[in-house]
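Student: Can we go through this one together? I'd like to begin with the surface.

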Amino acid sequence: MSRFFYAKGYFRKMKSSNLLVGIITLMILAACGDSDNESIGASEETQDSVVSEPSAKKEEIQQPKIEGISPIKLDSLRVRKKFNESAQNFWDAYKDGNFDIYVRHLHPTIIRSLGGTEEFKRRAKAMKAQDPYEYEEVLVGPVDSMSSARNDRGDVTGWYCVMPIRRWVKGAPADQYQLQVLAGQTTDHGKNCVFADITNMPKEKILLLMPDMRFLFRNIK
């Protein structure tokens, strides 16, 4: 279970994809405290790298189309759609340097750990200015796995997901891309979705940041 992302095929020589992601990941690991060295991913390095999969070309990766929704699945599919839309807004805000929007989609624990909203935005702007990459295409999502969290009475108290971001650097082959993994959380049925980069993060540290991710983990074989 502790290597479920690797089993799902997300991590192959997986490493952080830009400076801002790297500093946020390091901050989360420090904020969550020490744990063992078992990692979700296949590598603990933090250099830039790419994933190369002959079957994972840009034109073959499709975003989900929600249609013909049955009533029993309506709520979960609505939340899944909101996760996808919010993650796209999250990335677009970073790309455009709109950190007022960016921080709205970042997990609040990360913001607090970096000194609050204004201090985080200052650091984020500085990090983005040093990002060396130009991208030909970026594909955000779709949600890979999602689960509700429930209290003792069975009431839904939140939704949690895992989703990839794939980035093709300009000039790189179509089957080689940078891969980042996000964990998503919403406690108001999709009205507000927040994310954290969990690329190569041990499961134990993810659970310290988002304890109710346990509902998702137990459903992933």
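Student: What does the accessible surface of the protein come to?
Tutor: In this predicted model, about 11300 Å². Carbon and sulfur atoms account for 47% of that surface.

Student: And how many of the residues count as buried?
Tutor: The protein has 221 residues, and 48% of them count as buried.

Student: Switching to the fold. How many helices and strands are there?
Tutor: There are 8 helices and 6 strands. Along the sequence the pattern reads α-α-β-α-α-α-α-β-β-β-β-β-α-α.

Student: What share of the contacts links residues 24 or more positions apart?
Tutor: Such pairs make up 71% of the contacts with a separation of 6 or more.

Student: Take F83. What does F83 touch, leaving out residues up to four places away in sequence?
Tutor: Its contacts include V143, M146, W159, Y160, C161 and M163. F83 also touches G184, Q185, T186, C193 and F195.

Student: Is H105 buried or exposed?
Tutor: H105 counts as buried, because its relative accessible area is 12% and the cut-off is under 20%.

Student: Which residues does H105 touch, beyond those up to four places away in sequence?
Tutor: H105 touches S86, N89 and F90, along with C193, V194 and F195.

Conventions:
Residues numbered from 1 in each chain as written. Predicted model: local features only at pLDDT ≥ 70, side-chain atom pairs only at ≥ 80, totals over all residues. Heavy atoms only, no water. Helix = DSSP H or I, 4+ residues; strand = E, 2+ residues; numbered from the N terminus. Buried < 20%, exposed > 50% of the residue type's maximum accessible area, 1.4 Å probe, protein only. Contact = heavy atoms within 4.5 Å. Areas by Shrake-Rupley, 256 points an atom, 1.4 Å probe, with all protein chains shown as cover.
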